[in-house]
Amino acid sequence: MTTSLADHFRALPDDGLMALIRLRPDLVIPPPSDFSALAHRAQSRVAVARALDGLDTFTLEILDALRYTRVGHTTSTEAVLALTAAAGVEAARVRSAIDLLVQHGIAYGHDGALRVVGAVDEVCSPYPAGLGRPAAELDPLAGALVADAARLRRTLLAAPPAARAVLDRLAAGPPVGTVTPASLRSDPDSPVRWLVEQHLLVAVSRDAVELPVEVSLVLRRDGGPLGQLHPDPPQVQTPTRDAAQLDRAGAGQVLEFVRNLETLIEAINADPPSVLRSGGMGVRELRRFAKLTGVDEPAAALLVEIAAAAGLLGEEIVDNKRVESVFLPTVAYDVWRAFGIAARWHRIAVTWLTMTRAPSLIGQRDDRDRPINALAPELSRPGAPAQRRAALQVLSELPPGATIAPSDVVDLLSWRTPRRVSRGAAAVVEANLAEAGLIGLTGFDGLTGYGRLLLDEVVSGSVDTDDPLGLNAPDGAALTGSASLLDTLLPTPVDHVLLQADLSVIVPGPPEPTLAGELELLGVQESASVHRITAESVRRSLDAGYTAADLHALLARRSRTPVPQTLTYLIDDMARRHGGMRIGSANSYVRSDDETLIAEVLADRRLQSLTLRRLAPTVLASRHTPARLLEALREAGYPPVQEDATGAAVLTRPKARRGPPRPSWAHRGIEDPAAAARLSSPRLAGVIEQIRRGDAAARVARRAPVTVRANGTSTSSHTEALEVLQQALRDKTRVWVGYVDSHGATASRLVRPVSMGGGYLRAEDERTEMLHTFALHRITAAAPEDASG
């Protein structure tokens, strides 16, 4: 008796179905209606390809063995064991690989009659185990050669070295090779031509040849028909360091990365770059910000992408007519800056692990040979989160303190998921590891302790990727396990500074948020730990509402060294002069109680473009706006302040422009390996129960009489249906009811009528123990239960 994949799924216990869904969560998104729909979805090309992408090299080799040993549509475990025994592979390893294929729904049946789903042949190589077609199928002369075993061996022994090298390469698989047509026709020294003439190879087209399976089996006689198998991952070197050394190296990089990200966003805030028509940031702008931040272009590209994906960087339209936009920090950036360094880094790292962006592609060429810019739509890669976590998973499986070279990580992933890690993907893996090092997840090519915890949090789903900034949390600054561990490795935030005689301010550690805000207003940052107080920065503090006494008190409270006398004189001098000149609207005016100062401004050649004119000994008027006048006077070295209509000074902090965040690029799709973890056991149980109920209903519906399943809605059939229902109501028997549901689809159900009136039929479904109500005008047919037999 032939068993279909739907029957196989139907016979599985709930635990088996849960294991299948955890391995292939895409099969229940959305939940299928019954087992037939589940089997249909499991056998589709896309679903099968996605399932095969997660299998290791050895399991795929055993799958090829199943395909190669098929007779008709079935094979057996014993047939596969007979082939793998020649390669020296333990039978238990082979059975485990077959069981894994069955758990994935790629193969089904029992040991004596295993079947492989049909889509496997469509998405895999047409040559199982790298073996070609029979010689007789390719060419009669080649078939005659392989039929004579002695002649075949003599021909192989007579092959020149170059020809034998071609045979060995094709025997390893795949068995098809491409050649130039000239080498087959006119090149007497061509080894391929010699092989074709000797019928060891068969020309299948003008530029392709194929090695018959019989020749491949002779060449593989030492390793068996399947060739060399790879039951174990490649051996790699894992030098060990002190785990604390890795954590310290990563923590140092965390400080650098967070500081660079803040510097980059502040540079964007000071001079917002335009958004290209293609939606990205220009190459020149990225280079400029890289120079201002002090990093190379790849690192700047990573910073920009993470800032946008985390919602720290957005866009604002500046010209509605021309539809021109600029990049600006968002309000979320201000919230992020209020957090501690560990919490800020945690948001950054979670964003990097979940964003569907590939920063390593910036600067490369797209399909149209155009350069790919930062923040361009072309950088979207749905599989990027899975690739990052797969690379870090290799590191997390090593003991704490163990390190591994990026090339060895590529080799391991090439064995674990060979269909995902191709030659082109190897560069992506190495780029992901380099980015992890820049962010501070790794140190010395080893995973840090807090990085290990963060990876577990993301994979288990305990981190809310829908709210990467923690804005909706009761306490946005609360630290999780990974951030808490990192916080113990970082320097303690300081609340004091060291003032120097040259007016420089030394910050002996990361400043606490309040101190950082004060330093931003009072000084000019020159490096990560050095600020400098200038006349301009003091004037900026006075504009924000500070008085000279406030600044003296602030410095005395924050400084662990004596306040330099020069700094005291600078503050007093700027405070004495601050507000001595006022600007208002005339279109604008300048007034001062100091007539000498007014005369000096009027005579200043640098201000001739303002077209100032004297209205009174202490008042000058200008046709320019107050803002333009204020800016020009400050550039000339004067300390004016603006006043309102009542003459009161207008003291405000400079307003920072903020733009709306870009759409979230965090990926939460079915290709996410953490999707299975987010399918909790109760939810899986509910999905399985829904499938079983739907399958039972579908099987019952298929037993309905043809007259009930038909779509006819004539007056006579409707009248007859009502008569059948009335008779069943009197006899208290079950009846088949065909009806049209609210979506316009036809359905049928076996029920026992309870009452009929008011335009509705009320009936009980004894199988589900539920009472259903049918509108009489929607009933298309009815038949007694015995009519289905």
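At what angle do H5 and H7 pack, and how far apart are their axes? The angle is about 85°, and the axes lie 9 Å apart.

## Basis

This is a predicted model, in which local features need pLDDT of at least 70, side-chain atom pairs count only at pLDDT 80 or more, and totals for chains, interfaces and linings use all residues. Residues are numbered from 1 along each chain as its sequence is written, and side-chain values use heavy atoms, with hydrogens and water left out.

Helices (H or I, at least four residues) and strands (E, at least two) are DSSP runs, numbered from the N terminus.

## Helix H7

H7 covers residues 91-103, 13 residues in total. Its first and last C-alpha atoms span 18 Å, close to the 18 Å expected at 1.5 Å a residue (1.5 Å times one less than the number of residues). Val 94, Ala 97, Ile 98 and Leu 101 are buried (under 20% relative accessible area; exposed is over 50%, partly exposed in between; 1.4 Å probe, protein chains only). Viewed down the axis of H7, these buried residues fall within an arc of 100°, so they line one face of the helix. The arc is taken from the directions from the helix axis to the C-beta atoms.

The cover over the buried residues of H7 includes helices H5 (57-68) and H6 (77-85) and strands E1 (107-110) and E2 (113-116). Gly 105 follows H7 with a positive phi, near 75°.

Axes are lines fitted to C-alpha atoms, for helices over the stretch in contact, with angles from 0 to 180 degrees between N-to-C directions.

From H5, Phe 58, Thr 59, Ile 62, Leu 63 and Leu 66 meet Arg 93, Val 94, Ala 97, Ile 98, Leu 100 and Leu 101 of H7. Contact means heavy atoms within 4.5 Å. By class, this contact has 9 nonpolar, 1 polar and 1 charged residues. Ala, Val, Leu, Ile, Met, Phe, Trp, Tyr, Cys and Pro count as nonpolar, Asp, Glu, Lys and Arg as charged, and the others, Gly among them, as polar.

## Helix H29

H29 spans residues 565-577. Leu 567, Leu 570, Ile 571 and Met 574 are its buried residues. They fall within an arc of 95° down the axis of H29, so they line one face. Exposed Gln 565, Tyr 569 and Arg 576 sit on the face turned away from the buried side.
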